[in-house]
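Visitor: I would like to learn how to read a model of this kind. Please take me through it feature by feature.

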Amino acid sequence: MSHPERPASGPTGSLTAPPASQGKSGESLTAFAARHGLTQSAARPPLGLYLRRLWGRRHFIWMFASSKSKAMYTSSRLGQLWQVLTPILNAGVYFLIFGLLLSTSKGIPDYVPWLVTGVFLFSFTQRSVTSGAKSVGTNLSLIRALHFPRASLPLAYTVVEFQQAMVALAVLFGIVMAFGVMPALSWLMIIPVVALQLLFNLGISLIVARLGAFTRDISQLIPFITRTWLYASGVIFSVASLSTRSDFIRENPWISDVLEANPGYVYVELARQALLPEYVAQTDPQVAATNPGMLWIYAVVWAVVILVGGFYWFYRAEERYGRG
Amino acid sequence: MGRGVDVAEKEQVNHVPPPVVIDTTRQPIVVVDDLHIKYKVYGTVREKGTGASALGRILRGRSRPQMTEIHAVRGVSFIAYKGDAIGVIGTNGSGKSTLLKAIAGLLPPASGGVYTDGQPSLLGVGAALMKDLTGERNIILGCLAMGLSPEETKEKYQEIVQFAGLRKGFIKYPMNTYSSGMGARLRFAIASARTHDVLLIDEALATGDAKFRRRSKRKIDQMRKNAGAVFLVAHQLDVVAETCNRVLWLDDGQLVMDGTPEDVIAAYTEAINK
């Protein structure tokens, strides 16, 4: 009796009710429900309440994120050590190729620390986008089982990346020092840079989460988008050198302005200016980066606009995430 | 829905739904009004999945044929009153779990509506747990996922460990080392640590040994007293008969019968043994 099969024919004999009286007698069910103060349970809460609920879930978001990062390496022998080893190996690859094999500096002093700073900072955003796009789709069973503001998911996935980025940042400090750059007071500026970048990443992760929730194909496209973004953000070749060498950009100078305003470049560049004071001092002022004041304005505007806009956009589809 | 979505075409039996009787002497807690639930399933490829056929589909303007729409609940209406313990029975795939998820507000209705007093919650914390992590960590994660505060989690922790009755030391092991019964016990223990307005239980009693089933039944009775109403999906008709005062019989997403456990279970048993 535990798993009965479907009956061969519909049992209609036991029903004697005339079809005419199907619950339509008296008042409608909707009116009856309203009269007793019942509310629609799949409705989207108002924005203020939604924000309060989300704030109430902050411990869950943090716990979910740290559990996810913990679970990521449980199957490997070295376990959590990989959190440190992965960025070190990444840096090693770049050192091998660009420092030793190509031994190129492209006019940039401290090229390897410059490159590694760029790669580490950019990959924080890149990974937030990649995991944010999957955050709703891979947790459908959770969405269909429990109530919580769905924005918790993309936020938690970004927090995972943030935790990893913190480890990577510690590794980065070591690498930069290993290349002879001494810690300076300007290093403290990395804190507001990463904080603003985190806000931006939270926002963009909410945006791609909604896109990915309804159009799964987005996650197939994202690697191409982020790779293009990486090259356009001066992570490996500086934007200044792109602007001077490319005929196409020289003819269309607005492209260079766009590249320098793009958030990928803004956060990477600010981090470099914080960690590598020599780079700022020695770069040719002719091809020098956008002035730092402008970069800070971009950094704040991007963080606020993308976070607020992304949050609101994600929220607007709140009640539809379960349908997949 | 939009083009490019295939509606699952299967033979559908159409039932005449039982009339919904409004009992004005009792306080309603859940009203389900002509509810339809549809959801999409990915990856059910019905044509050959070659590049050429994909290209052909794109040219014909049918973007995503591998997406099938399932019409899981088709026009269900009923009223649940305070103090009701409602059993939901039906064959596999009759839409029982989907109905429960819709009452919980977790699956948005395609049309019709679910109106509730308070927040119905599904006894389904399992989805939040991570099997690679220890039982200890999962208890905390599960409690936070259900919306408990860290303080409440701390308070409930010992109670959950005791109720789950795991063998000594297992709480420090990853959950993927647990037997299926142990896992089910821990999940139920975590899920029942919270009080609920409307409690929806989906097959929670199917796992675990006899001792645990007795303990969990006591727990459910206790939760039923605190909750406004309890819904129970179960295939064990004896469990339904002894726990519920009312039974809904679903078949193919439609309500066939709504009545006392004796009447409905008798009719259901007769139908499936035909």
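Guide: We go from chain A to the sheet, the helix pairs and some single residues of chain B.

Visitor: What kind of model is this, and how is it numbered?

Guide: This is a predicted model, where local features need pLDDT of at least 70, side-chain atom pairs count only at pLDDT 80 or more, and totals for chains, interfaces and linings use all residues. Residues are numbered from 1 along each chain as its sequence is written, while chains are lettered from A and ligands numbered from 1 in the order in which they are written.

Visitor: How many helices and strands does chain A have?

Guide: Helices (H or I, at least four residues) and strands (E, at least two) are DSSP runs, numbered from the N terminus. Chain A has 15 helices and one strand.

Visitor: What share of chain A is buried?

Guide: A residue is buried if 20 or more other C-beta atoms lie within 10 Å of its own, exposed if 12 or fewer, and partly exposed in between; C-beta atoms are placed from the backbone. In chain A, 39% of the 324 residues are buried.
A contact means two residues whose C-beta atoms, placed from the backbone, lie within 7 Å. Take the contacts in chain A between residues at least 6 apart in sequence: 84% join residues at least 24 apart.

Visitor: Now the sheet in chain B. What is its strand order?

Guide: Strands of a sheet pair through backbone hydrogen bonds, either parallel or antiparallel. Two strands count as paired if DSSP finds at least two bridges between them. Here six strands form an open sheet in chain B, ordered E6-E7-E8-E4-E9-E10, with mixed pairing.
Strand E6 (120-122) and strand E10 (254-259) of chain B are at the edges. Each has a single partner strand, so one side of each lacks a neighbour in the sheet. On average, neighbouring strands of this sheet are turned by 20 degrees against each other, direction ignored.

Visitor: How does E6(B) join E7(B)?

Guide: E6(B) and strand E7 (residues 198-202) of chain B run parallel, joined by three bridges. B:Leu122 stands opposite B:Leu200 in E7(B).
Helix H8 (residues 261-272) of chain B packs on this sheet. H8 touches strand E4 (85-89), strand E9 (246-251) and E10 of chain B, and its direction makes about 25 degrees with that of E9(B).

Visitor: How should I describe two packed helices?

Guide: Two packed helices are described by the angle between their axes and the distance between the axes. Axes are lines fitted to C-alpha atoms, for helices over the stretch in contact, and angles run from 0 to 180 degrees between N-to-C directions. Angles under 35 degrees count as roughly parallel, over 145 as roughly antiparallel, 65 to 115 as roughly perpendicular and the rest as oblique.
Start with helix H5 (residues 111-134) and helix H7 (residues 152-178) of chain A: their angle is about 170 degrees, with axes 9 Å apart. H5(A) is therefore roughly antiparallel to H7(A). The contact includes A:Phe120 and A:Phe124 of H5(A), and A:Ala165 and A:Leu169 of H7(A).
Its residues divide into 13 nonpolar, five polar and two charged. Ala, Val, Leu, Ile, Met, Phe, Trp, Tyr, Cys and Pro count as nonpolar, Asp, Glu, Lys and Arg as charged, and the others, Gly among them, as polar.

Visitor: At what angle do H3(B) and H4(B) cross?

Guide: Helix H3 (residues 135-145) and helix H4 (residues 150-164) of chain B cross at roughly 125 degrees, and their axes come within 10 Å. That makes the pair H3(B) and H4(B) oblique. The contact is made by B:Ile139, B:Ile140, B:Cys143 and B:Leu144 of H3(B) with B:Thr153, B:Lys156, B:Tyr157 and B:Ile160 of H4(B). Six of these residues are nonpolar, one is polar and one charged.

Visitor: Which strands pair with E2(B)?

Guide: E2(B) pairs antiparallel with strand E3 (residues 68-81) of chain B over 11 bridges. B:Val31 stands opposite B:Ile79 in E3(B). E2(B) also pairs antiparallel with E5(B), over five bridges. In E2(B), 10 of 14 residues are buried.
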